[in-house]
Amino acid sequence: MADTYSRVYLHIVFAVKNRKALLDKLWRNELFAYMASSLNNRGHFSLAVNGYNDHVHLFFDYNCKELISDLVREIKKSSNEFINTNGFCSVKFEWQNGYGVFSNGYREKDIIIKYIINQEKHHSKRSFKDEYFSLLNTYEVEYKNEYVFEFFDEIDLKN
């Protein structure tokens, strides 16, 4: 009987609700380790989990055994509980609705890992908004502006 073999790398990006800069440098590495462990416990293989003060990047070898939307929902839910249970934030923490998911080939793996590991340095020169739209455009993802994350400048204009 034939077996099934796959190698699917996914890069998932999502943001803190209202894009607030709540992922404090003092504890975000603990959060990223927790998220990596959560991916591994679900049968995926975490390759890089990192982010900045208002968003996170997950890059992993996807096992193809659960829907991506279910995986993201469960990672957000468990990490949200992890943050709130540990009292990392002085306010109730929540992730923003939605996410971006991008597939990558084996030959791109090291480039994506390096990109995710260097998030803090990367964001000293570029906003998350610019980064996210760049990802959408690079992967030729069709989108409508009104359905993309709210960004600081848009929130500030509403108030």
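**Close-up views of a sheet and its helices**

**View 1. Strand 4 alongside strand 1 in the predicted model.** In this predicted model, L10 stands opposite S103 in strand 4. Strand 1 (residues 8–15) and strand 4 run antiparallel and are joined by five bridges; two strands pair if DSSP finds at least two bridges between them. Helices (H or I, at least four residues) and strands (E, at least two) are DSSP runs, numbered from the N terminus. Strand 4 (residues 100–104) has a covered face made of G100, F102 and N104, and an uncovered face made of V101 and S103.

Residues are numbered from 1 along each chain as its sequence is written, and side-chain values use heavy atoms, with hydrogens and water left out. As the model is a predicted one, local features need pLDDT of at least 70 and side-chain atom pairs count only at pLDDT 80 or more, whereas totals for chains, interfaces and linings use all residues.

View 2. The four strands form an open sheet in the order 2-3-1-4, with antiparallel pairing. Strand 2 (45–52) and strand 4 are the edge strands, each of which pairs on one side only. Neighbouring strands of this sheet are turned by 15° against each other on average, direction ignored. Strand 1 and strand 3 (residues 55–62) pair in the antiparallel sense over eight bridges, and Y9 stands opposite D61 in strand 3. Helix 1 packs on the sheet, where it touches strand 1, strand 2 and strand 3, and its direction makes about 150° with that of strand 2.

**View 3. The crossing of helix 1 and helix 2.** The axes of helix 1 (residues 28–41) and helix 2 (residues 68–85) come within 10 Å and cross at roughly 140°; axes are lines fitted to C-alpha atoms, for helices over the stretch in contact, and angles run from 0 to 180 degrees between N-to-C directions. The contact (heavy atoms within 4.5 Å) is made by E30, L31, Y34, M35, S38 and L39 of helix 1 and by L71, I75, S78, S79, F82 and I83 of helix 2.

View 4. S38 lies in helix 1 and counts as buried because its relative accessibility is 12%, buried meaning under 20% relative accessible area with a 1.4 Å probe and protein chains only. Not counting residues up to four places away in sequence, S38 touches I75 and S78. S78 has its place in helix 2, and the C-alpha atoms of S78 and S38, 40 residues apart along the chain, are separated by 8.2 Å.

Key
Buried < 20%, exposed > 50% of the residue type's maximum accessible area, 1.4 Å probe, protein only.
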